[in-house]
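Dear colleague,

Please find the structure below. My notes on it follow.

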Amino acid sequence: MSEALDTDKLEREVKSMYQEVAESSDAEFHFETGRDLAVRLGYDPDDLDYVPDVAIDSFAGVGYYFDVAELESGADVLDLGSGSGMDAFVAGLHVTETGAVTGIDMTTEQVEKANDLATDNGFHNVTFREGYIEELPFEDASFDAVISNGVLNLSAEKRTVFEEANRVLKPGGQLALSDIVSEQRMPESIKSDADLWAACIGGAEQIGSYTRLIEAAGFSVTETRENTQYEFLSDRAANACGKYGVKSVTVGAIK
Ligand SMILES: C[S@@+](CC[C@H](N)C(=O)[O-])C[C@H]1O[C@@H](n2cnc3c(N)ncnc32)[C@H](O)[C@@H]1O
């Protein structure tokens, strides 16, 4: 993390942006949202047919990782930064009624919306909690899999998040996620700019350092692949992609 980054400002900006995503999915953001994006990234349209449309409309993920996660029936799954709930609902389908999915997110409006959708659409095995991914409110070894989509880049404490993910996983448990990373190290002027962090650029860790953090937390990385189908919409974000190789990747790892 940059010494000069104002983390309180970053949290306010991220919460405000994702409150807007929860409340008005048709607003314009620097990133794409919705079903077309999900299908392009690789989600199975048959799965999406069972997920509440409103959750799909607010989907703000950056890649597809369910082929890496291979969630089994009966598994307990944790979704870090669950947003309006689309991935948690897809996971809920994969683990079936004998499994359970918990989503955690720091933005109140996202958690309330996702919980309402779970109740209204009969997803009895999916629940959402408000909280921080840097301080997970769960016992050690509680989950078979930890999943996440487009979230870790927003955290100024990535090392802590990976350590927390490792702590709450059972031995042999899986980490599967998609996130934004960079090829080049970005200058301090970008890494200390809370606006650019909230736009999913400033917090993009260099890919080598990102996978080293995962391994240092106690995982073995099993897969890293680029999601070339993912594109940023704003000129500012697109410029950063060209200049610093900011891109989406899917990573799989085992505890
Ligand atoms: C890009 S959105 C992705 C949401 C969801 N995973 C999806 O694919 O639609 C990022 C989400 O992470 C949440 N978030 C960001 N930083 C967080 C943190 N430190 N702790 C908990 N949630 C966080 C935001 O509130 C937001 O809902």
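This is a predicted model: local features need pLDDT of at least 70, side-chain atom pairs count only at pLDDT 80 or more; totals for chains, interfaces and linings use all residues.

Residues are numbered from 1 along each chain as its sequence is written, and side-chain values use heavy atoms, with hydrogens and water left out.

Helix pair. Helix α1 covers residues 7-23 and helix α7 residues 108-120; helices are DSSP runs of H or I with at least four residues, numbered from the N terminus. Their axes (lines fitted to C-alpha atoms over the stretch in contact, with angles from 0 to 180 degrees between N-to-C directions) come within 8 Å and cross at roughly 30°. The two are therefore roughly parallel (angles under 35 degrees). On the α1 side, Y18, Q19, V21, A22 and E23 meet E109, Q110 and K113 of α7 (heavy atoms within 4.5 Å).

Ligand. The ligand is surrounded by 20 residues, the closest being A60, G81, D105, T107 and E134 (a heavy atom within 4 Å).

- G81: a polar backbone atom, 2.8 Å from a ligand nitrogen.
- D105: a polar side-chain atom, 2.6 Å from a ligand oxygen.
- T107: a side-chain N or O atom, 2.6 Å from a ligand oxygen.

Regards

Conventions: Angles under 35 degrees count as roughly parallel, over 145 as roughly antiparallel, 65 to 115 as roughly perpendicular and the rest as oblique. A polar contact is a pair of N or O atoms within 3.5 Å; within protein, one must be able to donate a hydrogen and the other to accept it, and residues adjacent in sequence count only if both atoms are side-chain atoms.
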